[in-house]
Amino acid sequence: MKRLIIPVLIILFILTGCDDNKSKPENNQRIENITSIAQLREPGRRIGVPIGSKGDTVLRTEFLNAEPIYSKTPAEGCIALLTGKIDAYLYTRNELTYAISLNPDLYLLDEVVAQCELAMGLRIGEDELLKKVNTVVAKFYENGIHEEMSERWLTGDLNARMPEIEQPAAPEGKIIIGICDENPPTGFLDENRNPTGFDIEYAIRLAKELNMEYEFTSMIWDALIPSLKSGKVDLIIANLTVTEERKEAIAFSDVYNTSDLVMMARKPDIVISESLVPTEYDPKDLSGKDVAVVTGMIHDKILLAQAPDANPMYFNDLDSIVLALKNKQVYAVLTNSVQGTILSAKHPGFTMLTPVISSENVGIAV
């Protein structure tokens with residue numbers, strides 16, 4: 001049995017925008033939209049970026065007049081763009097291609113801001129493991145596995161599925177791999193809450209080539225390198241960009257993937273409508289209300305800690321939750337940021353509320 005750590009990084013409520021107690025906004029907001037990188041170099045621009053990423057460094061050194069607006073996940077960046085809180089969002093093309101597939105009001109600027117080389121992270125001194133990993137990286141380029149996975153995961157296909165990958169019958173050990181499962185399409189949770197995506201498939205295939213059993217440890221991105229250095233994980237596969245600063249702390253494999261650093265913006269002439277429900281979470285709004293949670297998760301405990309007078313309603317899967325929300329059998333749904341973004345994108349009228357409800361790590365056995 002493997003122990004899989006699933007981070008509840010950002011818990012958001014999703015409400016239908018039809019509550020009779022909420023009034024409709026008086027006006028829609030039309031604001032200037034971005035069509036070129038040159039506009040983003042003008043004073044007063046607000047550009048979203050994941051904190052600690054290569055984009056963070058590029059933003060601070062090349063967009064000196066911009067105000068950085070930090071986020072933990074691209075999902076937060078999409079919300080900030082769609083609500084007019086930022087002018088653009090800077091991140092890797094692989095992830096943003098997926099984001100705009102979910103959000104048709106967003107698009108990518110043609111200009112490339114920078115190039116990102118992505119590699120796996122190992123502890124300094126693990127030379128034997130590094131050599132084996134690099135051999136597998138080269139093999140996957142040569143035998144077409146890398147191209148096959150790129151076609152599956154990195155083209156914006158929302159219906160991509162993890163293939164069956166046979167594992168070693170007699171593994172020669174176990175490798176603990178640090179991942180981030182709030183970063184689609186490279187790492188995220190599928191409808192059954194199993195890790196999936198380009199990096200996840202790569203990790204599973206890597207373990208097979210190494211003839212080792214694998215164990216995933218998923219955590220917030222900022223914790224990955226400290227966990228590697230402390231010995232909690234043996235390897236990081238998590239959209240990790242090679243930088244000179246990071247080379248001082250960890251060893252990098254050969255580059256196993258690349259991605260442009262690009263800007264995501266609202267499409268020209270998009271009208272930003274205010275939400276029909278409050279955009280900020282208030283426990284008072286949930287008093288006496290039925291709130292959907294997934295059976296077997298700790299979301300009900302988080303809910304009752306935040307809103308003790310709410311009524312948790314248990315469902316076995318997200319499809320049942322969506323149906324209940326559409327039919328107004330529940331007032332709200334408690335979920336994580338990736339699922340929240342997907343649900344709100346696929347179902348007009350669903351609205352994600354902020355701020356973050358919880359950032360607790362929980363474990364499930366698989």
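Buried means under 20% relative accessible area. Asparagine 239, at 5% relative accessibility, therefore counts as buried. The legends below describe close-up views of a predicted model.

**View 1. Asparagine 239 is a buried residue with a positive phi.** Phi of asparagine 239 is near 55°, and the residue is not a glycine. Asparagine 239 sits in the loop between strand 13 (235-236) and helix 9. Its relative accessibility of 5% places asparagine 239 among buried residues. Most residues other than glycine have a negative phi.

**View 2. Lysine 328 is an exposed residue with a positive phi.** Here phi is near 60°, again in a residue other than glycine. The loop that holds lysine 328 runs between helix 11 (318-326) and strand 18 (332-336). Lysine 328 has a relative accessible area of 55% and is exposed.

**View 3. Helix 3 and the glycine that follows.** Helix 3 covers residues 74-82. Its buried residues are Pro74, Ala75, Gly77, Cys78, Ala80 and Leu81. Just after helix 3 comes glycine 84, with a positive phi of about 75°.

View 4. Arginine 60 and aspartate 56 join their side chains in a salt bridge, 2.9 Å from N to O. Both residues belong to helix 2 (residues 54-62); they are 4 residues apart, so about one helical turn separates them. In an α-helix, residues three or four places apart point the same way. Accessibility differs across the pair. Aspartate 56 is buried, at a relative accessible area of 6%. Arginine 60 is partly exposed, at 45% relative accessibility. In total the structure holds 13 salt bridges.

View 5. Glutamate 201 pairs with arginine 152 in a salt bridge, with the closest N and O atoms 2.8 Å apart. This pair links distant parts of the chain: glutamate 201 lies in helix 7 (residues 198-209) and arginine 152 in helix 6 (residues 145-153), 49 residues apart. Glutamate 201 also forms a salt bridge with arginine 205, where the closest N and O atoms are again 2.8 Å apart. Glutamate 201 and arginine 205 share helix 7 and lie 4 residues apart, about one turn of the helix. Shared partners join Glu148, Arg152, Glu201 and Arg205 into one salt-bridge network. Glutamate 201 is buried, with a relative accessible area of 0%. Arginine 152 is buried at 18%. Arginine 205 is buried at 15%.

**View 6. Packing of helix 6 on helix 7.** The two helices pack at an angle of about 150°, and their axes are 10 Å apart. Helix 6 is therefore roughly antiparallel to helix 7. The crossing of helix 6 past helix 7 is right-handed. Helix 6 contributes Ile145, His146, Glu148, Met149, Ser150, Arg152 and Trp153 to the contact. Helix 7 contributes Phe198, Glu201, Tyr202 and Arg205.

View 7. The 3 strands run in the order 9-10-11, with antiparallel pairing. Strand 9 (182-183) and strand 11 (195-196) are the edge strands; each has a single partner strand, so one side of each lacks a neighbour in the sheet. Strand 10 (residues 187-189) is joined to strand 11 by 2 bridges. Phenylalanine 188 stands opposite threonine 196 of strand 11.

**View 8. A cis peptide bond between two prolines.** Proline 184 and proline 185 are joined by a cis peptide bond, with omega of about 10°. Proline 185 lies in the loop between strand 9 and strand 10. Most peptide bonds are trans.

**View 9. Strand 7 and its partner, strand 14.** Antiparallel to strand 7 runs strand 14 (residues 251-266), and 12 bridges join the two. Glutamate 117 has threonine 258 of strand 14 as its bridge partner.

View 10. Glutamate 248 is exposed, with a relative accessible area of 70%. The C-alpha atoms of glutamate 248 and isoleucine 124 are separated by 9.0 Å. Along the chain, glutamate 248 and isoleucine 124 are 124 residues apart.

Key. Residues numbered from 1 in each chain as written. Predicted model: local features only at pLDDT ≥ 70, side-chain atom pairs only at ≥ 80, totals over all residues. Heavy atoms only, no water. Buried < 20%, exposed > 50% of the residue type's maximum accessible area, 1.4 Å probe, protein only. Pairing = 2+ DSSP bridges. Salt bridge = Lys/Arg side-chain N within 4 Å of Asp/Glu carboxyl O. Axes fitted to C-alpha atoms, helices over the stretch in contact; angles between N-to-C directions. Parallel < 35°, antiparallel > 145°, perpendicular 65-115°, else oblique. Left-handed = near helix turned anticlockwise from the far one by under 90°. Contact = heavy atoms within 4.5 Å.
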